[in-house]
Amino acid sequence: MQTRKVAQAVILVAIAVALSPIFIPLGFIKLFPAQHMINVIGGVMLGPWYALGIATAAAIIRNLLGVGTPLAFPGGMIGAFLAGWAYILFRRTYAAALGEVLGTGFLGALVSVWLVAPMLMKKTMAASVMMGAFAASSLAGAVLGVAALQVLRKAGIWRE
């Protein structure tokens with residue numbers, strides 16, 4: 001079972017990286033709804049720790065390839081973990097989606113504004129702007145993630 005989970009995680013990392021060119025530019029920020037979709041799927045199917053690992057690996061690879069920014073780390077990682085945790089607590093895909101949006105749109109944005117942008121990027125930014133941008137991206141991705149999980153369930157690939 002562990003090997004299967006690792007294989008699924010690797011596939012989700014690959015999908016997140018493959019969809020990386022699909023982004024919404026907002027100044028020097030790149031919004032990636034696909035990563036948020038993967039966060040919800042990983043959190044629900046594999047749990048919070050795997051989802052965290054998936055988001056971390058995808059952020060590292062995207063940054064190495066030049067299609068991501070350091071802001072991908074707090075947003076993706078916090079949102080992915082909270083998506084998995086919310087799913088464990090409530091056993092509802094919608095709870096996972098809400099965990100992703102709150103984790104990325106609020107907590108990830110604040111960590112980005114207070115720590116990542118000033119320390120790693122040498123930039124300052126308004127928390128309200130960052131929260132709006134992260135929330136919009138994560139909401140779109142969370143909706144896609146819930147839809148993808150419904151398709152996977154109907155195809156018999158995943159059971160709730």
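**Ground rules.** I number residues from 1 along each chain as its sequence is written, and side-chain values use heavy atoms, with hydrogens and water left out. Since the model is predicted, local features need pLDDT of at least 70 and side-chain atom pairs count only at pLDDT 80 or more, while totals for chains, interfaces and linings use all residues.

**Entry: serine 138.** I looked up where serine 138 sits. It lies in helix H6, residues 127-154. Helices here are DSSP runs (H or I, at least four residues), numbered from the N terminus. Is serine 138 buried or exposed? Serine 138 counts as buried because its relative accessibility is 0%; the cut-off for buried is under 20% relative accessible area, with a 1.4 Å probe and protein chains only. Its side chain reaches the backbone oxygen of alanine 135 at 3.2 Å. I then listed its contacts (heavy atoms within 4.5 Å). Leaving aside neighbours within four places in sequence, serine 138 touches His36, Glu100, Val101, Thr104 and Gly105.

**Entry: the cores.** Next I checked the nonpolar cores. A core is a set of buried Ala, Val, Leu, Ile, Met, Phe, Trp, Tyr and Cys residues joined through side-chain atoms within 4.5 Å. The largest one has 24 residues, and Val44 and Ile54 have the most contacts inside it. H1 (2-18), H2 (33-46), H3 (48-65), H4 (72-90), H5 (93-121) and H6 each supply at least two of its residues. H2 gives the largest share, six residues. Beyond four places in sequence, valine 44 is in contact with Tyr87, Thr93, Ala96, Leu149 and Trp158. Another core, of seven residues, lies apart from the largest one; Ala109, Val113, Val116 and Met130 are among its members.

**Entry: the pockets.** A pocket is an open set of points on a 1 Å grid over the protein atoms alone, where a 1.4 Å probe fits, with protein on both sides within 12 Å along at least five of seven lines; lining residues have an atom within 4 Å of a point. The largest pocket holds about 260 Å³ of space. Its lining includes Met1, Lys5, Leu46 and Trp158. H1 gives the largest share of that lining, three residues. The second largest pocket holds about 160 Å³. Among the residues that line it are Ile11, Ile15, Ile41, Ala148 and Leu152. H1, H2 and H6 each give two or more residues to this second lining. Here H1 supplies the largest share, five residues.

Definitions and conventions:
Buried means under 20% relative accessible area, exposed over 50%, partly exposed in between (1.4 Å probe, protein chains only). A polar contact is a pair of N or O atoms within 3.5 Å; within protein, one must be able to donate a hydrogen and the other to accept it, and residues adjacent in sequence count only if both atoms are side-chain atoms. Grid points are joined across faces, edges and corners, and a volume is the space filled by probe spheres set on the points.
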